[in-house]
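Q: Please take a close look at one part of this model and describe its surroundings in a connected way.

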Amino acid sequence: MAENKTLPTYFCRNCENPLALGEDLISKKFVGASGPAFMFSHAMNVVVGPKIGRKLITGSYVVADVMCSKCGETLGWKYVETFDLKQRYKEGMFVIEKLKLTKRY
């Protein structure tokens, strides 16, 4: 019999606004400006800023900064476009820095 694991919901550490569901967590192996970051397939209650070109660890991308819709805290970024075929899976994904998050089960 399989275990029934409850997945967490991730919230803005600053204002407790819900941002992402545990089922949307893709990876915990990303690095943001403040350290470790998580990649999500979907984020909610965020504002996506204008598209900008940015050189990141794995190459050049078009990204958009992502802010909390309640308090305006910059949380991370959304991958809009990549120029490397091996990195295409990132397009449309959200990266949110771990220090900007809190989670509850």
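In which strand is the place of Gly-49?

A: This is a predicted model. Gly-49 sits in strand β5, which covers residues 46-56. Its relative accessibility is 17%, and because the cut-off for buried is under 20%, Gly-49 counts as buried. Leaving aside residues up to four places away in sequence, Gly-49 touches Ala-64, Asp-65 and Met-67. Phe-30 lies 19 residues from Gly-49 along the chain, and the C-alpha atoms of Gly-49 and Phe-30 are 20 Å apart.

Another part of the model can be described alongside this residue. An open sheet is formed by 3 strands, ordered β2-β1-β9, with antiparallel pairing. At its edges are β2 (18-21) and β9 (101-104), each of which pairs on one side only. From one strand to the next, the twist averages 30°.

The strands β1 and β2 make a hairpin, with 5 residues between them. In the turn of this hairpin, Glu-16 has a positive phi of about 70°.

Technical notes. Residues numbered from 1 in each chain as written. Predicted model: local features only at pLDDT ≥ 70, side-chain atom pairs only at ≥ 80, totals over all residues. Heavy atoms only, no water. Pairing = 2+ DSSP bridges. Helix = DSSP H or I, 4+ residues; strand = E, 2+ residues; numbered from the N terminus. Axes fitted to C-alpha atoms, helices over the stretch in contact; angles between N-to-C directions. Buried < 20%, exposed > 50% of the residue type's maximum accessible area, 1.4 Å probe, protein only. Contact = heavy atoms within 4.5 Å.
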